[in-house]
Amino acid sequence: MACNICPRNCKIDRTAAAGFCGCSSVVRVARAALHFDEEPSISGTHGSGTIFFSGCNLKCIFCQNMVLTDGKLGEVFSVPRLAETMLKLQALGAHNINLVTPTPHRDAIVEALRLAKNDGLRIPVVYNTNAYETVDTIKAYQGLVDIYLPDLKYVDPRLSLKFSRASDYFDTAIEAIAEMIDQVGFMQTDENGIAFKGVRIRHLVLPGCVFDTRNVLDAIKARFGADCPISLMSQFTPIPACTVKPLDRPLTQREYENALEYCISLGFTDVYTQDLTSVGRSFTPPFSDHVEL
Ligand code: SF4
């Protein structure tokens with residue numbers, strides 16, 4: 001079947017070849033474990049039951065998880081194994097099942113979620129995405145995903161082309177996020193501050209690109225209003241493989257403060273910020289070809 005799962009629209013038969021995302025018809029998982037580096041409402045006290053998928057449809061040149069983006073690392077998972085892994089993470093006490101870079105694996109994930117829910121999966125399901133999604137793919141998750149964490153990376157097409165080879169990034173991502181919000185609304189938390197439903201839009205502030213952070217915040221406010229939950233991230237870490245300026249240096253404290261001041265000036269009411277010690281810190285967990293769980 002010609003793959004059109006994401007906006008790359010490769011139209012290739014993935015049983016015969018891999019697409020832009022590096023994924024063939026098999027699902028590779030490079031880590032499944034409790035994870036504590038998400039926002040407090042996602043990691044909570046027990047951890048987020050995170051499943052890291054191999055392959056990526058955006059392939060940003062500054063990606064901290066670059067080892068995963070070509071789709072080669074990771075253990076091949078069947079649909080039943082994927083469902084079983086979700087149930088094991090639930091049994092370990094995870095607050096949620098957190099699907100990281102799930103986009104190319106839509107059909108297997110949808111099937112696994114149905115199977116796992118049928119077999120007793122009760123905790124919320126989090127869809128953790130670069131937001132370069134088609135509306136149709138997000139519609140496929142209606143009723144299966146409780147929480148969406150789209151990372152809205154750019155508005156400026158010059159940046160999205162240069163850093164992610166996707167000049168249509170913003171126009172595509174904003175429609176996908178609108179569909180997410182239509183499905184589950186804005187993020188809601190329980191009495192312990194743990195998220196159980198809704199959307200929180202993430203944005204990673206990039207060095208030398210605070211002007212586009214302002215564009216992103218303006219666009220969110222214009223489309224969804226200032227009550228839209230935001231996570232303004234400072235954790236950009238330059239990687240040796242990326243020598244393109246200005247992404248070859250860490251974000252400065254002043255840049256993050258400028259971004260945050262602008263966010264507050266727009267009147268956003270629900271904003272997660274990151275401690276400035278996050279600047280330059282690695283958030284990359286160990287990945288492998290063998291998943292212990
Ligand atoms: S999921 Fe992969 S193969 Fe399919 S359209 Fe997107 S990049 Fe291409």
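Which residue stands opposite valine 126 in S5?

Guide: Asparagine 98 stands opposite valine 126 in S5. Before the surroundings are described, note that this is a predicted model, in which local features need pLDDT of at least 70 and side-chain atom pairs count only at pLDDT 80 or more, while totals for chains, interfaces and linings use all residues. Residues are numbered from 1 along each chain as its sequence is written, and side-chain values use heavy atoms, with hydrogens and water left out.

Strand S4 (residues 97-100) pairs with S5 in the parallel sense, over four bridges; strands (E, at least two residues) and helices (H or I, at least four) are DSSP runs numbered from the N terminus, and two strands pair if DSSP finds at least two bridges between them. Both belong to an open sheet of eight strands with mixed pairing, in the order S3-S1-S2-S4-S5-S6-S8-S7. Strand S3 (75-77) and strand S7 (188-189) stand at the edges with a single partner strand each, so one side of each is left without a neighbour in the sheet.

Returning to S5, five of its five residues are buried, where buried means under 20% relative accessible area, exposed over 50%, and partly exposed in between (1.4 Å probe, protein chains only). In a regular strand the side chains alternate between the two faces of the sheet. In S5, Val125, Tyr127 and Thr129 point one way, whereas Val126 and Asn128 point the other way.

A search of the whole structure finds eight aromatic pairs, a pair being rings of Phe, Tyr and Trp (its six-membered ring) with centres within 6.5 Å, counted as stacked if the planes are under 30 degrees apart, edge-to-face if over 60, and tilted for the rest. One of these joins phenylalanine 62 and phenylalanine 236, whose ring centres are 5.9 Å apart and whose planes are at 55 degrees, so the pair is tilted. This pair links distant parts of the chain, 174 residues apart, with phenylalanine 62 in the loop between strand S2 (48-53) and helix H2 (66-69) and phenylalanine 236 in the loop between strand S10 (230-233) and helix H9 (253-265). Both phenylalanine 62 and phenylalanine 236 are buried.

Tyrosine 127 lies in strand S5 (residues 125-129) and tyrosine 141 in the loop between helix H5 (135-139) and strand S6 (147-150), so the pair ties together parts that are 14 residues apart in sequence. Tyrosine 127 has a relative accessible area of 0% and is buried, and tyrosine 141, at 0% relative accessibility, counts as buried. Phe62 and Phe236 return in an aromatic cluster formed with Tyr132, Tyr154, Phe163 and Tyr169.

Beyond S6, valine 155 lies in the loop between S6 and helix H6 (157-164), and at 21% relative accessibility valine 155 counts as partly exposed.
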